[in-house]
Amino acid sequence: MTATNKQVIFKDYVSAFPKESDFDFTTTTVETSVPESSNSVLVKNLYLSCDPYMRIRMGKPDPSSAALAQAYAPGQPINGYGVSRVMESAHPDYKKGDLLWGFVGWEEYSVITPMTHVHFKIQHTDVPLSYYTGLLGMPGMTAYVGFYEICSPKKGETVYVSAASGAVGQLVGQFAKMMGCYVVGSAGSKKKVDLLKTKFGFDEAFNYKEEPDLSAALKRCFPKGIDIYFENVGGKMLDAVLLNMNVKGRIAVCGMISQYNLENQEGVHNLSNIIYKRIRIQGFVVSDFYDKYSKFLEFVLPHIKDGKITYVEDVADGLEKGPEALVGLFHGKNVGKQVVVVARE
């Protein structure tokens with residue numbers, strides 16, 4: 001037997017900012033059974049995650065540059081992190097009705113072969129399932145390992161988070177406050193800045209679009225300098241941060257969303273500060289740390305249930321809203337973690 005399966009198709013490689021017209025929709029069919037010896041699983045996709053790294057996968061493959069993930073194939077469905085329910089299974093670790101999060105297609109149903117540290121069975125269902133696209137999924141792990149493992153924070157230190165209202169930034173700020181740090185975030189609208197201060201407990205926040213001199217804005221917020229910078233933006237912001245870092249400061253490089261849509265990326269001019277201030281800058285990829293996922297859950301779940309950690313989602317209803325939601329990410333239209341609801345069960 002077969003079922004109809006709507007899909008979001010990637011039309012062709014993208015340069016500059018992606019557009020909704022870079023995607024198409026198709027309706028195909030999917031087999032509702034899986035071969036017994038295949039280890040395959042048929043899943044119904046419930047929630048899909050919109051993430052900045054997906055822009056990198058839209059570019060034409062360049063053999064000379066390192067890539068986090070394989071480029072999308074023109075004419076094929078895009079894929080990314082999602083939350084799904086198992087409909088049929090030939091895999092020994094999954095049975096019908098199980099929930100999982102991990103890589104799936106942008107479609108109603110996907111046939112996957114579950115892999116360690118690529119797909120994770122959901123054991124805790126007393127929290128919103130959509131959290132596994134964010135707070136309890138890849139972005140949550142990114143915030144956790146980036147802050148605690150890479151930044152090595154200490155109580156009383158000063159912490160700056162760029163793109164602070166996004167899926168990762170909002171958590172980094174809350175983790176830092178729990179450590180007893182002084183935390184400042186930046187975002188691109190008054191609504192987002194207000195959210196940082198009133199919802200997430202940041203000590204201070206500013207709208208970078210309203211600051212003609214980013215270095216002066218940071219100096220105003222950090223008169224004694226920055227100990228830790230959680231980097232999500234790159235470009236001019238990184239340049240300004242380097243001028244304001246303290247001696248032996250740490251920078252965790254999570255992303256550089258300001259650069260993803262530029263054909264020629266901006267240079268950074270204040271790099272000599274790394275020497276004089278003995279700054280440690282470290283890039284990281286969350287998939288290198290998925291062996292710590294159970295430790296992360298042990299840490300974060302009690303704080304969610306106690307109300308010590310809060311999370312804001314920006315929800316788009318329907319697979320057909322997926323391209324608009326994904327493209328909007330690169331124009332700052334989302335407020336909080338961008339989620340696409342494919343089905344609510």
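Mentor: We will take the terms one at a time and set each value against its cut-off. Keep in mind that this is a predicted model.

Trainee: What makes E1 and E2 a pair of strands?

Mentor: Two strands pair if at least two bridges are found between them. Strand E1 covers residues 2-10 and strand E2 covers residues 23-31, and nine bridges link them. So E1 and E2 count as paired. Their sense is antiparallel. In one of these pairings, threonine 4 stands opposite threonine 29 in E2.

Trainee: How do you know that E1 also pairs with E4?

Mentor: Apply the rule again: at least two bridges are needed. E1 and strand E4, residues 76-77, are joined by two bridges and run antiparallel. Therefore they pair. Isoleucine 9 stands opposite proline 77 in E4. Phenylalanine 10 has glutamine 76 as its bridge partner in E4.

Trainee: Why are E2 and E4 called edge strands?

Mentor: Start with the order. The three strands form an open sheet, E2-E1-E4, with antiparallel pairing. E2 and E4 each pair on one side only, and that makes them the edge strands.

Trainee: What about E6, which strands does it pair with?

Mentor: E5 and E6 run antiparallel and share seven bridges. There, asparagine 79 has glycine 105 in E6 as its bridge partner. E6 is also joined to strand E8, residues 119-121, by three bridges, again antiparallel. Leucine 100 has lysine 121 in E8 as its bridge partner.

Trainee: Why is E6 called largely enclosed?

Mentor: Because six of its seven residues are buried.

Trainee: Why is glutamate 157 called buried?

Mentor: Buried means under 20% relative accessible area. Glutamate 157 has 10%, so it is buried. Its place is the loop between helix H2 (138-150) and strand E9 (158-161). Beyond its neighbours within four places in sequence, glutamate 157 is in contact with Ser152, Cys181, Tyr182, Asp227, Ile228 and Arg250.

Trainee: And lysine 96, is it buried or exposed?

Mentor: The exposed class begins over 50%. Lysine 96 has a relative accessible area of 59%, so it is exposed. It sits in the loop between strand E5 (79-89) and strand E6 (99-105). Leaving aside neighbours within four places in sequence, lysine 96 is in contact with Val86, Met87 and Glu88. Lysine 96 and leucine 42 are 54 residues apart in sequence, and their C-alpha atoms are 9.0 Å apart in space.

Trainee: Why is asparagine 39 called partly exposed?

Mentor: That class lies between the 20% and 50% limits. Asparagine 39 has 35%, so it is partly exposed. It is found in the loop between E2 and strand E3 (41-49).

Trainee: Which class does lysine 248 fall in?

Mentor: Lysine 248 counts as exposed, at 59% relative accessibility. It is found in strand E13, residues 245-253. Phi of lysine 248 is near 65 degrees, again positive in a residue other than glycine.

Trainee: What makes H9 largely enclosed?

Mentor: Count its buried residues. Helix H9, residues 322-329, has eight residues and seven are buried, so the rest of the structure largely encloses it. The buried ones are Gly322, Pro323, Ala325, Leu326, Val327, Gly328 and Leu329. They pack against E1, E2, helix H1 (53-56), strand E15 (313-317) and strand E16 (337-341).

Trainee: How many residues does the largest nonpolar core have?

Mentor: It has 88, and Trp101, Leu136 and Leu326 have the most contacts inside it. H2 gives the largest share, seven residues. Another core lies apart from it, with 20 residues, among them Phe206, Leu214, Phe222 and Met245.

Trainee: What does leucine 136 touch?

Mentor: Residues up to four places away in sequence are not counted. Among its contacts are Trp101, Val127, Tyr131, Tyr293 and Phe296.

Trainee: Which residues line the second largest pocket?

Mentor: The lining includes Glu20, Ala316, Lys321, Glu324, Lys333, Asn334 and Gln338. H9 supplies the largest share, five residues. By kind, the lining has four nonpolar, three polar and four charged residues. The space in this pocket is about 160 Å³.

Conventions
Residues are numbered from 1 along each chain as its sequence is written. This is a predicted model: local features need pLDDT of at least 70, side-chain atom pairs count only at pLDDT 80 or more; totals for chains, interfaces and linings use all residues. Side-chain values use heavy atoms; hydrogens and water are left out. Helices (H or I, at least four residues) and strands (E, at least two) are DSSP runs, numbered from the N terminus. Buried means under 20% relative accessible area, exposed over 50%, partly exposed in between (1.4 Å probe, protein chains only). Contact means heavy atoms within 4.5 Å. A nonpolar core is a set of buried Ala, Val, Leu, Ile, Met, Phe, Trp, Tyr and Cys residues joined through side-chain atoms within 4.5 Å. On a 1 Å grid over the protein atoms alone, a cavity is a set of points where a 1.4 Å probe fits but cannot get out, and a pocket is an open set with protein on both sides within 12 Å along at least five of seven lines; lining residues have an atom within 4 Å of a point. Grid points are joined across faces, edges and corners, and a volume is the space filled by probe spheres set on the points. Ala, Val, Leu, Ile, Met, Phe, Trp, Tyr, Cys and Pro count as nonpolar, Asp, Glu, Lys and Arg as charged, and the others, Gly among them, as polar.
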